[in-house]
Amino acid sequence: MPLIMLTNDDGVNAPGLLALAEALGVLGRVVIVAPDRDNSAASHSLTMRRPLHVKEIAVDTYAIDGTPADCVMIGVNKVLPSRPDLVVSGINPGPNLGDDINYSGTVSAAREGTLLAIPSFAVSLVAANGEECRYPVAAAQARILATEVLERGLPANTLFNVNVPNRPAAEILGRRYTRQGRRLYDNAIQETFDPWGRRHYWIGGGTPHWSEEPDTDVQTVLVGYVSITPLHLDMTNHWALRELQND
Ligand SMILES: [Mg+2]
């Protein structure tokens, strides 16, 4: 029976994680190791200046007072009974598309799994702020993909970044493999004043504008397909490297 580790960046009690656990529970033994609180936009950070605590909060469910990457590293090496066959991160209640992948704790957890040589993918719902999330739709997509990955594995050093349109299942047009898109700009820094008149800044809440290039994750979810972007651990720009070496 496959051993599947689940994590997220929204905290161990997040509804997206529970929906994922329910959907993947039919495929094998599911063990949850997740942050004890919301860690969205934690990216791939590790906690190195204080100790980390693992708390068993239910059967096969553990909370760690750390980041998503901490959870995968400690979960795989110290908590799980053996190496998992699969790591799945999510379901994040908002998109992880284009440049935002750089900030995503959800995606970074899957990247940490890949660094540990375990097939891993991240799942996010393309829901707007405050919009009700259709977790069962994304969870069903995750189950299909998990079945395939358990059977065939993933390309070497590669994780999948999956984004599911927040639509009824019947309105999902299918799945497409895509490339990472680009965010052009947003107004994500709010500039306001505290009660004492001091200027302060709050990052978040902007409306992103995306480059409308074909085959990108952004365009693909907009038209109603599930987007699956294969991300590589090697961030080298091989094209630039060849140019530079030939100079
Ligand atoms: Mg999140």
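Analyst: Helices (H or I, at least four residues) and strands (E, at least two) are DSSP runs, numbered from the N terminus. In this protein there are 6 helices and 13 strands. The model is predicted: local features need pLDDT of at least 70, side-chain atom pairs count only at pLDDT 80 or more, and totals for chains, interfaces and linings use all residues. Residues are numbered from 1 along each chain as its sequence is written, and side-chain values use heavy atoms, with hydrogens and water left out.

User: Which residues does a cis peptide bond join, and what is omega there?

Analyst: Most peptide bonds are trans. Here, however, Gly90 and Ile91 are joined by a cis peptide bond, with omega about -5 degrees. Ile91 belongs to strand β5, residues 86-92.

User: At what angle do the axes of helix α2 and helix α3 cross?

Analyst: Axes are lines fitted to C-alpha atoms, for helices over the stretch in contact, and angles run from 0 to 180 degrees between N-to-C directions. The axes of α2 (residues 68-79) and α3 (residues 105-115) cross at roughly 25 degrees and come within 8 Å. Therefore α2 is roughly parallel to α3; angles under 35 degrees count as roughly parallel, over 145 as roughly antiparallel, 65 to 115 as roughly perpendicular and the rest as oblique.

User: Which residues make the contact between α2 and α3?

Analyst: Contact means heavy atoms within 4.5 Å. Pro68, Ala69, Val72 and Met73 take part from α2, and Gly105, Ala109, Glu112 and Gly113 from α3.

User: Is Gly113 buried or exposed?

Analyst: Buried means under 20% relative accessible area, exposed over 50%, and partly exposed in between (1.4 Å probe, protein chains only). Gly113 counts as buried because its relative accessibility is 0%. Not counting residues up to four places away in sequence, Gly113 touches Val72, Ile118 and Ser120. Across the protein, buried residues make up 49% of the 247 residues.

User: Where are Ala117 and Asn157 found, and what is the phi of each?

Analyst: Most residues other than glycine have a negative phi. Ala117, in the loop between α3 and β6 (120-126), has a positive phi of about 65 degrees. Asn157, in the loop between α4 (135-152) and β7 (158-165), also has a positive phi, near 55 degrees. Ala117 is exposed, with a relative accessible area of 61%, whereas Asn157 is partly exposed, at 43%.
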